[in-house]
Amino acid sequence: MALTLYVDTARWRAHHKHVLEQFPGIVPVCKGNGYGFGHERLAEEATRFGSDVLAVGTTYEAARIKDFFGGDLLVLTPFRRGEEPVPLPDRVIRSVSSVDGVHGLVGARVVIEVMSSMKRHGVTEQELPHLHAAIEDVRLEGFAIHLPLDRLDGSDAVEEVIGWMDRLRAARLPLHTMFVSHLKAPELARLQQQFPQTRFRARIGTHLWLGDHEATEYRGAVLDVTRVVKGDRFGYRQQKVPSDGWLAVVAGGTSHGVGLEAPKALGGVMPRAKGVARAGLATVNRNLSPFVWGGKQRWFAEPPHMQVSILFVPSDAPEPHVGDELVAHLRHTTTQTDRLVDR
């Protein structure tokens, strides 16, 4: 009995093929929990469709994934002097976001990140003259720019990249390869047309692995069912059930990421109102679970346990039985399943 990620493999791979056709030279990203699929599986898929490089989040991830992927590994987290050394093969490429960082990677393969409107990290325009001497001691694989997802000011992502291309060219820095993130296929095509001597490589994770929502489905198996009547006490805190129904113990708890949610940026009146309503219900121990039964998301009977969740199913819903599986609406990047099943 498990929390399972079911994958419609043919559909999932058809989506990969579509994305690869839209983004020639794509650099697939495999970081964190492997977008819910795990590092080993995504490394296998990247190998299957012939990728020569796989982007990972950290040096620790590179150390784990190197045994599953035989091509180059691009570490996205920038190098910092004083970081813990991690033994890595020569096929690992380090990102670097400062001139000092370049000086600290003598002999290494590097990608230099420039400061975008994200304002997260990257070399600035003022630092460009100092890069000439620094890159003589490294093997420069290219430059990179990480762009924001939304542009509330109406600015153009392509124009931002063009601005940096012009700055790099004016500084007489090599522009054979530019790694980009969060560009649409037509935007990438515009850049490639304007700069035919530069190879643009899109680093893509979410759109590649999770772009077809119908290709995957989480399900939690029912482990136990107990009939209850209004007023019965249950659980760790011995609360009372609100009405007749069933307590269903379902695979999937906090160790899987169930009940754990990353903050969301809310825009618009309705999403904000819903957020306020959810917060209000939580103060009276009413928390909606991600599990669906009888066509509705069901309430947690109490906060999820480490490996299971207890749900309250009212008597007007179908009776759940041991072995049934409940669809679960879970965020891929925060979920760790017991198993993955291709079908």
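**View 1. Confidence along the protein chain.** This is a predicted model, and the protein chain has a mean pLDDT of 93. Of its residues, 92% reach a pLDDT of 70 or more. The stretch to treat with care is residues 272-284, where the pLDDT is below 50. Beyond near neighbours in sequence, residues 272-284 make five contacts in the model.

View 2. Eight residues from domain 1 and eleven residues from domain 2 take part in the contact.

**View 3. The area buried between the domains.** Together, domain 1 and domain 2 bury about 830 Å² between them, and carbon and sulfur atoms give 53% of that area. If you zoom in on the domain 1 side, look for Val7, Asn33 and Gly36, which lose the most area to domain 2. These three residues together account for 52% of what the domain 1 side buries.

**View 4. Polar and charged links across the interface.** Here you can look for the one salt bridge counted between domain 1 and domain 2. A salt bridge joins the side chains of Arg41 and Asp342, with an N to O distance of 2.8 Å. On the side of domain 1 that touches domain 2, four residues are nonpolar, three are polar and one is charged.

Conventions. Residues numbered from 1 in each chain as written. Predicted model: local features only at pLDDT ≥ 70, side-chain atom pairs only at ≥ 80, totals over all residues. Heavy atoms only, no water. pLDDT = per-residue confidence, 0-100. Contact = heavy atoms within 4.5 Å. Buried area = accessible area lost by both parts, 1.4 Å probe. Salt bridge = Lys/Arg side-chain N within 4 Å of Asp/Glu carboxyl O. Nonpolar A, V, L, I, M, F, W, Y, C, P; charged D, E, K, R; others polar.
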